[in-house]
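Student: I'd like a close look at one part of this model, please. Could you pick a helix and walk me through how it sits among its surroundings?

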Amino acid sequence: MEYRPLGRSGVKVSALCLGCMHFGGATDADDSGRIIGAARDAGINFLDTANHYNRGTSEQIVGQVIADQKCRDDVVLATKCSEPMGPGPNDVGSSRYHIMRECERSLRRLRTDRIDLYQMHFFDLSTPLEESLRALDDLVRQGKVLYTGTSKWAPAWLVEAIMLADRHG
């Protein structure tokens with residue numbers, strides 16, 4: 001397996017990332033465990049899920065499999081926030097309120113003390129970008145998240161986020 005740096009970090013991830021979107025939906029827990037085991041046997045060390053995937057069930061299954069296979073320190077675990085998690089007005093988006101709450105919930109479902117890569121799934125036009133970036137920075141400073149990123153962002157939004165992060169440290 002070829003390994004590459006995760007962004008500009010020193011962390012090495014497999015060139016292939018195992019997407020876990022269907023775990024807990026089309027793929028049951030037993031098959032999910034076998035898939036993760038086979039992926040690890042092939043050298044894949046990068047697992048990607050999201051709180052929104054099957055309303056948290058994907059994260060629960062990934063967390064259980066990682067615990068059962070005793071491989072937490074052998075995988076780079078990525079998850080995401082921003083997508084709707086309920087009907088309430090604060091159950092979606094990239095507000096500090098939503099990011100902080102969903103990170104805690106993801107940590108519980110994943111049965112871990114840290115998320116290696118925490119990503120905002122989509123760009124939230126209703127929340128000031130500074131608020132979202134500060135929340136992510138605080139999660140990193142608290143040790144709950146090691147690295148942050150985005151998933152479905154246009155390049156212009158990434159440039160704006162990088163400029164804001166540089167400006168505000």
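Tutor: Happy to; what follows is a tour of helix H1 and then of the sheet beside it.

A word on the ground rules comes before the details. This is a predicted model, so to speak of local features we ask for pLDDT of at least 70, and side-chain atom pairs count only at pLDDT 80 or more, while totals for chains, interfaces and linings use all residues. Residues are numbered from 1 along each chain as its sequence is written, and side-chain values use heavy atoms, with hydrogens and water left out.

H1 covers residues 29-41, which makes 13 residues. Helices here are DSSP runs of H or I with at least four residues, strands are runs of E with at least two, and both are numbered from the N terminus. From its first C-alpha to its last, H1 reaches 18 Å, close to the 18 Å expected at 1.5 Å a residue; the expected span is 1.5 Å times one less than the number of residues.

Now look at which side chains face where. Ser32, Gly33, Ile36, Gly37 and Ala39 are buried, where buried means under 20% relative accessible area, exposed over 50%, and partly exposed in between, using a 1.4 Å probe and protein chains only. Viewed down the axis of H1, these buried residues fall within an arc of 160 degrees, so they line one face of the helix. The arc is that of the directions from the helix axis to the C-beta atoms. On the other side of H1, Asp30, Arg34 and Asp41 are exposed.

The buried residues pack against strand S3 (18-19), strand S4 (46-48) and helix H2 (57-68), with contact meaning heavy atoms within 4.5 Å.

The two ends of H1 are worth a look as well. At its start, a side-chain oxygen of Asp28 comes to within 3.2 Å of the backbone nitrogen of Asp30; a polar contact is a pair of N or O atoms within 3.5 Å, and within protein one must be able to donate a hydrogen and the other to accept it, with residues adjacent in sequence counting only if both atoms are side-chain atoms. Just after H1, Gly43 has a positive phi of about 100 degrees.

Finally, S3 and S4 belong to an open sheet of five strands in the order S3-S4-S5-S6-S7, with parallel pairing. S3 and strand S7 (145-152) stand at the edges with a single partner strand each, so one side of each has no neighbour in the sheet. Two strands pair if DSSP finds at least two bridges between them.
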